[in-house]
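Student: I've got a model open and I'd like to talk it through with you. Shall we go over it together?

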Amino acid sequence: VGQLNAQNQPNPITFNVYPGPDRSFDLYLDDGISSNAPSRLTRVSQQTNGGARAVRVQRISGAYVPPEPYYFVALLGDAQPPASVSVAGASVHDVGTPEALANSVESAYYWNQSLQTTFVKVFDNAVDVTVTRT
């Protein structure tokens with residue numbers, strides 16, 4: 001039986017999105033090791049409209065591909081469970097627990113009442129994705 005170590009455990013990016021005014025930021029990614037490695041510029045923006053929140057994750061440039069095929073969007077400050085969550089316009093399921101979300105093979109979400117946070121798993125297979133929570 002092989003052992004896992006810190007180098008081969010999944011460590012996907014989590015975008016922590018706080019409630020507040022519409023805003024955006026840019027994230028530069030690379031492998032963190034090679035000096036000539038490919039990189040990626042990603043823009044993350046939030047829009048709030050009433051009770052709905054939308055987070056857009058847009059690949060601006062670059063060829064770097066992170067080792068994990070997915071990332072998480074954490075919508076902090078969600079005092080109530082979402083009525084619905086969608087990824088790229090498609091409704092996703094509430095899987096109920098962080099373990100089920102980690103093991104999900106498709107985009108999904110769960111709401112953590114004690115943290116007042118909706119966690120959404122998004123597979124990194126599109127250059128422009130919007131996560132919407134209503």
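Student: Between which strands is the loop that holds Gln-116?

Tutor: First, some ground rules: this is a predicted model, where local features need pLDDT of at least 70 and side-chain atom pairs count only at pLDDT 80 or more, while totals for chains, interfaces and linings use all residues. Residues are numbered from 1 along each chain as its sequence is written, and side-chain values use heavy atoms, with hydrogens and water left out. Strands here are DSSP E runs of at least two residues, numbered from the N terminus. Gln-116 sits in the loop between strand S9 (108–112) and S10.

Student: What phi does Gln-116 take in the hairpin of S9 and S10?

Tutor: That hairpin has four residues between its strands. Most residues other than glycine have a negative phi. Gln-116 is not a glycine, yet its phi is positive, at about 50°.

Student: Is Ala-88 buried or exposed?

Tutor: Ala-88 is found in the loop between S6 and strand S7 (90–91), and it has a positive phi of about 55° without being a glycine. Buried means under 20% relative accessible area, exposed over 50%, and partly exposed in between, with a 1.4 Å probe and protein chains only. At 58% relative accessibility, Ala-88 is therefore exposed.

Student: How many residues of S10 are buried?

Tutor: Look at both faces of S10: Thr-117, Phe-119, Lys-121 and Phe-123 point one way, and Thr-118, Val-120 and Val-122 the other, all of them buried. The strand is largely enclosed by the rest of the structure, because the buried count is seven of seven.

Student: With which residue does the side chain of Arg-133 make a polar contact of 2.8 Å?

Tutor: Arg-133 lies in strand S11 and counts as buried because its relative accessibility is 8%. Its contacts (heavy atoms within 4.5 Å), leaving aside neighbours within four places in sequence, include Gly-51, Leu-75, Gln-80 and Thr-118. A polar contact is a pair of N or O atoms within 3.5 Å; within protein, one must be able to donate a hydrogen and the other to accept it, and residues adjacent in sequence count only if both atoms are side-chain atoms. At 2.8 Å, the side-chain partner of Arg-133 is Asp-78.

Student: Over which residues does pLDDT stay under 50?

Tutor: pLDDT is the predictor's confidence in each residue, from 0 to 100. The chain's mean is 92, with 93% of residues at 70 or more. Where pLDDT is low, the predicted coordinates should not be read in detail. The stretch under 50, with two contacts beyond four places in sequence, is residues 1–5.

Definitions and conventions: Pairing = 2+ DSSP bridges.
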